[in-house]
Amino acid sequence: MSIPNLPPPNKRLGQNFLIDPNIVRKIVALAELGPGDHVLEIGPGRGILTEALCHAAGRVTAVEVDPRLHAYLETRQKGLPNVELVCEDALAYPVESLPIGTVVVANLPYYISTPLLFRLLDQRGRFPRMVLMLQDEVADRLVAKSGGSDYGVLSVMAQYAAEITKSFRVSAQCFRPRPEVASAVLLLRTKERTRLSQQEEVAFRALVKAAFAHRRKTLVNSLKDEGYEQMQVTDAILSLNLSPTARAEVLSVPQLIELTRLIPVSKI
């Protein structure tokens with residue numbers, strides 16, 4: 001199809017289309033796909049990655065929210081015989097209906113990347129690995145270690161659920177139109193087993209959110225301000241051999257898990 005017939009980018013949806021075939025090849029190689037794999041692609045756009053996934057995997061489900069792009073991809077359906085095109089918001093699409101073992105490969109729309117990532121991680125038993133392109137700043141937060149300014153709720157909750165590697169950066173020149181921010185591709189290998197029960201995980205999520213709610217305050221005071229009993233928190237922190245003046249960002253993910261276990265659920 002000629003270039004004039006390509007749907008123009010929708011600024012409201014933050015559309016920046018990948019145009020570099022070398023980046024496409026690197027993404028597909030990172031996903032380690034075979035003919036038996038089912039792939040979920042979110043935001044296929046004009047289909048440059050979709051086409052490559054079609055050749056590398058047995059089946060692809062491509063979820064596109066923009067009806068113009070969905071209609072355009074339908075005109076290419078003959079060349080994408082094993083691709084199911086879905087016109088739907090990825091935040092509403094029933095990912096739980098996908099087969100266990102599905103691999104996620106996506107250039108995530110940056111304006112919904114965080115809630116979408118958490119939604120996928122909530123279904124981590126279904127997705128053994130995910131290859132995601134994200135804003136570089138978000139990628140840095142996802143892989144940040146305790147003690148740094150990038151380390152926060154996103155870092156902790158993502159690292160609790162998956163082993164995350166920042167694989168490579170992607171120049172703005174690889175997109176049209178060129179985005180104002182840098183991008184990066186991450187490989188997430190989800191953890192089959194996590195250290196907390198489902199009930200404990202709810203408590204863990206609440207505690208992490210409360211711990212980082214007031215970054216300039218000590219962990220004791222931040223949790224106190226969020227409704228936790230000060231003496232319980234202080235005792236728990238001391239039992240972890242941490243200073244009572246420690247801030248949330250110095251605690252590793254395992255330490256935050258242990259802190260959750262040490263504070264009675266009734267106090268959360």
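This is a predicted model: local features need pLDDT of at least 70, side-chain atom pairs count only at pLDDT 80 or more; totals for chains, interfaces and linings use all residues.
Local features need pLDDT of at least 70 and side-chain atom pairs count only at pLDDT 80 or more, while totals for chains, interfaces and linings use all residues. Residues are numbered from 1 along each chain as its sequence is written, and side-chain values use heavy atoms, with hydrogens and water left out.

View 1. The structure has zero disulfides, a disulfide being a pair of cysteine sulfur atoms within 2.5 Å. The sulfur of Cys54 lies 20 Å from that of Cys87, its closest cysteine sulfur, which is too far for a bond. Cys54 is buried at 7% relative accessible area, whereas Cys87 is partly exposed at 39% (buried is under 20%, exposed over 50%, partly exposed in between; 1.4 Å probe, protein chains only).

**View 2. Helix α6 is largely enclosed.** Eight of the nine residues of α6 (residues 153-161) are buried, among them Leu154, Met157 and Tyr160. Their cover includes α4 (113-122), β7 (162-170) and α10 (253-262). Helices (H or I, at least four residues) and strands (E, at least two) are DSSP runs, numbered from the N terminus.

**View 3. The largest pocket holds about 620 Å³ of space.** Of its 37 lining residues, Asn16, Phe17, Gly43, Pro44 and Gly45 are closest to the centre. The lining has 23 nonpolar, eight polar and six charged residues.

**View 4. The second largest pocket holds about 270 Å³ of space.** Its 14 lining residues include Arg178, Pro179 and Glu180, which are among those nearest its centre.

How values were computed
Contact means heavy atoms within 4.5 Å. On a 1 Å grid over the protein atoms alone, a cavity is a set of points where a 1.4 Å probe fits but cannot get out, and a pocket is an open set with protein on both sides within 12 Å along at least five of seven lines; lining residues have an atom within 4 Å of a point. Grid points are joined across faces, edges and corners, and a volume is the space filled by probe spheres set on the points. Ala, Val, Leu, Ile, Met, Phe, Trp, Tyr, Cys and Pro count as nonpolar, Asp, Glu, Lys and Arg as charged, and the others, Gly among them, as polar.
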